[in-house]
Amino acid sequence: MKSSYFKSITFRFSVALLVIITVAELVAGAIWFYASKLDKEETAKDTLTSLSSSITDTFSYFQSLPINYRHLILNQLRETGGTRFFISINNTMLDIENLDSLTFAPWLSDFTEVALKETLPHHSNIQVSITRREDIKLFNSGVKLNELPVIWSKYGLSLSELDLPIVVVQIEMAKGEWFYIASVIPLSFSALTTQFIDHRQLLFLVITTVLLMLCTTLLLQREFRPIKALAKSATLMGSTFHITELKEEGSNETQAAIHAFNKMNRRIQAYMADRDMLFSAISHDLKTPLACLKFRTEMLDDENAKLRFEKLLNEMDTMLHGALRCMKDTDTHEMPIDVDLKQLLLDCAEDYNHETVRVEIHVQSSVQYLAKPITLKRCITNIIDNGVRYGDHVDVYIDTESTQESVLIVIRDYGDGLTPQQIEKAFEPYYRAGRKDQAGSGLGLTISRSIARSQGGDLRIRNHHECGLEVQIALPRKI
């Protein structure tokens, strides 16, 4: 069942749709990611350019002040507190690393550094870092912000209550004198990084894809339900011609196919009814004069003429009986059921093994097969009968080539076999490769092959490499 589902059009269409949706989402995500990245980069450049200009102005202002006045201004700024920037003049450059988690941090630092060097050509020793508020270092000792007085630790370097990245710029004013300024970047951390897809987007895509696939599968199953019913009815037509008409539902194309099938079914039923009626009439009309001819033959005085007429009439009766049997054997009205092939073969061999074993069944275990039991038994019995008649002894086995898709029944006799010309004509009606005086109508193989093909399989014959004839009945498990 699992294997058949994987081969169904519903599964294949669903997989194809899933691949298309995935590819479309990846392409759309790549386009969105690229556009978003460009927009974020442009915004970050504009923001850092503006900050660089402000930092340059602040640095120029402090550099223009007398040295004694710089500390007075710095003290006034610290006492004010609650600002979005922090300025100090240190003796050494503090080691502050960029945030590795921010995609834009390395090149934004380089970009800002280049911008500052262009506006401050006489100060080439500039260091720029982008970090978090809680990770910055202050003063010569490198003290953390949360170690400062409350007015700074709580309200310093903040923009409202938002947690934003901090840019730290250190410029060497003179030997042993570093201008230190830290300022809030008015951009969120997400604005300074790029991620192709985050967990929330991934969850959203998974949910939408699952819902879409579920709805598509349900829709396909609903649309294909009439097609399955059509296939089932077409299969049943091989076993019985009296099937009910299908309801015309589904898409326009499906309705057209069902309408054509119903129309064909009505024509076939009418044809079969007319054929049965005609066949019955012909059978009756032929048997009646044949019986009269046999009766009149018994009244002939010439013994030689009497024997010639009896032989001709017997041959005619045999041909008529064979034609009737051919029609009956190939036109059965059985329903397929699960059959144990081993038991079926044993039943076929039973009639030939009363006095001595002439038919041996070489099947070790049961083999289940969905078939029409009476019809299949006729098919096998005809071949076994030919094998016993022309080869005396028959071996029957199920070939190892049998798989889950098909079953191969092999029937071998030990006769003289057939010539290539006889093999080509073996399936022709009334053809007998043996002696003409042997019993038989010459329809056995014809009937057996018709039955095998009505099961969806085929029948093949070939000479065995040692001796005798080998007949192979290939039967598909799906009928």
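Predicted model: local features only at pLDDT ≥ 70, side-chain atom pairs only at ≥ 80, totals over all residues.

Biologist: Which residues of α10 are buried?

Modeller: An α-helix has 3.6 residues a turn, so residues three or four places apart point the same way. Buried means under 20% relative accessible area, exposed over 50% and partly exposed in between, with a 1.4 Å probe and protein chains only. In α10 the buried residues include Leu-376, Cys-379, Ile-380, Ile-383 and Gly-387.

Biologist: In what order do the strands of the open sheet of five lie?

Modeller: Strands of a sheet pair through backbone hydrogen bonds, either parallel or antiparallel. Here two strands pair if DSSP finds at least two bridges between them. The order is β8-β10-β11-β13-β12, with mixed pairing. The edge strands, β8 (359-362) and β12 (458-463), each pair on one side only. Strands β10 and β11 run antiparallel and are joined by five bridges; Val-396 has Ile-411 in β11 as its bridge partner. Helix α10 (residues 373-391) packs on the sheet, touching β8, β10, β11, β12 and β13.

Biologist: How many bridges pair β11 with β13?

Modeller: The two pair in the antiparallel sense over seven bridges, and Leu-408 has Ala-474 in β13 as its partner. Six bridges join β12 to β13, also antiparallel, with Arg-460 opposite Gln-472.

Biologist: Which residues of β13 are buried on each side?

Modeller: In a regular strand the side chains alternate between the two faces of the sheet. On one side of β13, Leu-469, Val-471, Ile-473 and Leu-475 are buried, and on the other Glu-470, Gln-472, Ala-474 and Pro-476.

Biologist: Which residues touch the most other members of the largest nonpolar core?

Modeller: A nonpolar core is a set of buried Ala, Val, Leu, Ile, Met, Phe, Trp, Tyr and Cys residues joined through side-chain atoms within 4.5 Å. Of the 39 residues in the largest one, they are Ile-380, Ile-409 and Ile-473. Helix α10 gives the most to this core, with six residues. A second, separate core of 31 residues includes Ile-55, Leu-65, Ile-181 and Phe-189.

Biologist: How many aromatic pairs are there?

Modeller: Rings of Phe, Tyr and Trp (its six-membered ring) pair if their centres lie within 6.5 Å; planes under 30 degrees apart count as stacked, over 60 as edge-to-face and the rest as tilted. By this rule there are six pairs. The rings of Phe-59 and Phe-179 have centres 5.3 Å apart and planes at 75 degrees, so this pair is edge-to-face. Phe-59 lies in helix α2 and Phe-179 in strand β6, 120 residues apart. Both Phe-59 and Phe-179 are buried.

Technical notes:
Residues numbered from 1 in each chain as written. Heavy atoms only, no water. Helix = DSSP H or I, 4+ residues; strand = E, 2+ residues; numbered from the N terminus. Contact = heavy atoms within 4.5 Å. Axes fitted to C-alpha atoms, helices over the stretch in contact; angles between N-to-C directions.
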